[in-house]
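This briefing gathers what can be read from the backbone geometry and contacts of the structure shown below, grouped by topic.

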Amino acid sequence: MEVGLLMLAGGIAAGAFGSILGLGGGLLIVPLLTLGFGLPLREAVGVSLVCVIVTSSASAGVYLQRRQANLRLGMVLELFTAAGAVVGGAVAFLIDERLLAALFALLLVYVAVTMLQALRQPAEEPATDDETPPHAHLAGEPGADRGTRQPGITEQDGGLVAGLGGPGYEVERLPAAALGSVGAGIASALLGIGGGLIKVPLMHLVLGVPLRVATATSNLMIGITASASALVYLIRGGIDAYVAGPTAVGVFVGASIGSRLGHRVGQRALRVLFVLVLVYTAIEMARRAAGIA
Amino acid sequence: MTPGPHATALEPALARVLQAGTYLSIGLVAVGSELLISAGGSPLAGGPALSLSRLPADLLALRPEGFLWLGVLGIVLTPALRVVTALLGFWRRGERAMAVVATLILAVVAAGVVSGLLTG
């Protein structure tokens, strides 16, 4: 009984932390389950994908209602992220868990460095309650949804690519973004993350999509991307329903709490604390990769 | 490609699918978790593998694995249901290219299922 409650509490903490800090749930859930509960890394990734889908679906629903997400662009790109996820899901069962741990350690270091750099920049204006959908920050998008409502994404005449733009922007360099999306899908499937860390910059910097739209669209894409690989994990016995249940419920509750408390918590101190947690977790993952943990 | 003048936006319908699927699925998972924890079971004991044929009996017997697996399946399939809804919507609106994109996404997901079955 204690383990189940601890898993629920751990899920709540991971969900709340992820939501407040604008980080993906997978980044926290995988270390929680491997280092905290001793689960094999691959099984933790499978459970993490389930949690990522929960938070992505809940927040994407809000983004779609508000017309913040670019549905057509998201669907074109998720064709490629889903393909990457299927490949990644198959590869995850072929490679050594120690290599997965090494990749995860690298990811944690990258996020820690990114957060340290963000700490040096001036603080952004906090989002207000009615602007921040529940779970908006959990599915892997840094600094998600900090702004006002985006005007409705309208359809345009012309070909498929011409119709992928939105108010005030057109989509550029789609082939490059498609290739990057495959990479995001592979990373998501291998590491149990949403992949927003890749998708948001890809859409914003490569395609020229406004950051707010890119964040919302990334959230939409995360669901089917994680779903494609989660199905592979599910069929191959990589998801334990006993672990997935309490963790997913905890993450869902935690993300709801986090989205409401986010702007009331001192972000700077929390981020410094979180960077320390990330560095510690990266070291533990590296030790596991080296076979000394 | 361009929808007719009376076409309604797809986004609200897709939002409803995502939200209903998520809340229903997480509700099932919550019931399963409560049954598991209140019975003194440990998540680390290793849950039974998914068996679709056993699912109805597990649900009727109020066994935690029935609710947990049905909820997990609901969570994992909700995004695919959103794509199916989008496919139907695009088709009705005459957006054939987007309907093809939605079909291809579903084909990729199905390919993942087939590859899992073949190699699992």
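Predicted model: local features only at pLDDT ≥ 70, side-chain atom pairs only at ≥ 80, totals over all residues.

Helix H3 of chain A passes helix H3 of chain B in a left-handed crossing.

**Crossing of H3(A) and H3(B)**

- The axes of H3(A) and H3(B) come within 9 Å and cross at roughly 55°, and the two helices are therefore oblique to each other.
- On the chain A side this contact is made by A:Val50, A:Ile53, A:Val54 and A:Ser57, while H3(B) brings B:Val72, B:Ile75, B:Val76, B:Thr78 and B:Pro79.
- Sorted by class, the residues of the contact of H3(A) with H3(B) are seven nonpolar and two polar, with no charged residue among them.

**Interface between chains A and B**

- Across the interface, 53 residues of chain A are in contact with 56 residues of chain B.
- On the side of chain A that touches chain B, the elements giving two or more residues are helix H1 (2–21), helix H3 (41–65), helix H4 (71–92), helix H8 (211–235) and helix H9 (241–261).
- H4(A) gives the most to this side of chain A, with 11 residues.
- By class, the side of chain A that touches chain B holds 36 nonpolar, 10 polar and seven charged residues.

**H4 and H6 within chain A**

- H4(A), which gives 11 residues to the side of chain A that touches chain B, also meets helix H6 (residues 174–191) of chain A, and the axes of this pair come within 6 Å and cross at roughly 40°.
- H4(A) and H6(A) are therefore oblique to each other, and H4(A) passes H6(A) in a right-handed crossing.
- The residues of H4(A) that meet H6(A) include A:Phe80, A:Ala83, A:Gly84, A:Val87, A:Gly88 and A:Val91, and those on the H6(A) side include A:Ala178, A:Ser181, A:Val182, A:Gly185, A:Ile186 and A:Ala189.
- The contact of H4(A) with H6(A) has 15 nonpolar and eight polar residues, and no charged residues.

**Overall form of chain B**

- Chain B has four helices and zero strands, and its pattern along the sequence reads α-α-α-α.
- The radius of gyration of chain B is 18 Å, well over the 14 Å that the globule rule gives for 120 residues, so chain B is more spread out than a compact globule.
- Along its principal axes, the C-alpha trace of chain B spans about 60 × 35 × 20 Å.
- Of the 120 residues of chain B, 40% count as buried.
- Among contacts in chain B between residues at least 6 apart in sequence, 64% join residues at least 24 apart.

- A:Arg173 is not a glycine, yet it has a positive phi of about 50°, and its place is in the loop between helix H5 (97–120) and H6 of chain A.
- A:Arg173 counts as partly exposed because it has 14 C-beta neighbours inside 10 Å.
- B:Leu62, likewise not a glycine, has a positive phi of about 55°, and B:Leu62 is found in the loop between helix H2 (55–60) and helix H3 (64–93) of chain B.
- With 12 C-beta neighbours inside 10 Å, B:Leu62 counts as exposed, since a residue is exposed if 12 or fewer other C-beta atoms lie within that distance.

Note on methods: Residues numbered from 1 in each chain as written. Chains lettered and ligands numbered in written order. Contact = placed C-beta atoms within 7 Å. Nonpolar A, V, L, I, M, F, W, Y, C, P; charged D, E, K, R; others polar. Axes fitted to C-alpha atoms, helices over the stretch in contact; angles between N-to-C directions. Parallel < 35°, antiparallel > 145°, perpendicular 65-115°, else oblique. Left-handed = near helix turned anticlockwise from the far one by under 90°. Buried ≥ 20, exposed ≤ 12 C-beta atoms within 10 Å, placed from the backbone. Rg over C-alpha atoms; globule rule 2.2 N^0.38 Å.
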